[in-house]
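Have the sequence and the 3D view open, and try each task before you read its solution.

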Amino acid sequence: MTNALIVIDVQESFRARPLWQAVSNPELAARVQRLVDAARAAGDLVVWVLHAEPGSGGVFDPASGHVRVFAELPPRAGEPIITKTSHNAFTTTNLQQLLTARGVRHLTVCGIRTEQCVETTTRVGSDLGYAVTFVTDATATFPIPHRDAPVDQTFEELLADPRTLPAEDVVARTEYALAGRFATIATVAELTGELTGS
């Protein structure tokens, strides 16, 4: 086994926030499922990563009950589920050890948020020597407020603020930053053979 699919933060925490209304990729769960199905069929390792902020009192606090994989994407027995407290999936987990023990050299990454935990995991993975494929259309993100926006800005104010960076721009900029440097950019269809009918 030299390949692993890393599913990052596809967890109920995000759907518990008002911002979920503005998610960039409403088809995320279905697209991740296609990648998971293809990885399982190929005998590749599937690793599920969750983000937790213990003691925060928010939706990423395990006490909230939201720090769990989307209900429609149940991990199979034997598929590792790891919990991180940093933006990347390596620093606060045993992910690298787990991958090394299984001889993994190539990572396919997907999940939430495109420019945050998925991108950061991609960069760190690349720096650690893994070949990384970033599946943009199996990631999701949200509009980003301007750095000077008030911290208590409402969802409606975020969308109305002309300084807000739209999600589609976040995704495009992420691809530009990663391509040819930290990762190969791919689509779900390319990786599952749907374009060729295989």
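Buried means under 20% relative accessible area, exposed over 50%, and partly exposed in between, with a 1.4 Å probe and protein chains only. The model is predicted, so local features need pLDDT of at least 70 and side-chain atom pairs pLDDT 80 or more, while totals for chains, interfaces and linings use all residues. Residues are numbered from 1 along each chain as its sequence is written, and side-chain values use heavy atoms, with hydrogens and water left out.

**Exercise 1.** Decide whether P74 is buried or exposed, and place P74 in the fold.

*Solution.* Start with the accessibility: P74 counts as exposed because its relative value is 51%. Next, find its place: P74 sits in the loop between β2 and β3. Finally, take a distance: 9.9 Å separates the C-alpha atoms of P74 and W48, which are 26 residues apart along the chain.

**Exercise 2.** Work out how strand β2 is enclosed and which strands pair with it.

*Solution.* Strands here are DSSP runs of E with at least two residues, helices are runs of H or I with at least four, and both are numbered from the N terminus. First, count: seven of the seven residues of β2 (residues 45–51) are buried, so the strand is largely enclosed by the rest of the structure. Then look at each face: L45, V47, V49 and H51 are buried on one side, and V46, W48 and L50 are buried on the other. Now the pairing, which requires at least two DSSP bridges between two strands. Strand β1 (residues 3–8) runs parallel to β2, joined by five bridges; V7 has W48 as its bridge partner. Strand β3 (residues 81–84) is also parallel to β2, over four bridges, with T83 as the partner of L50.
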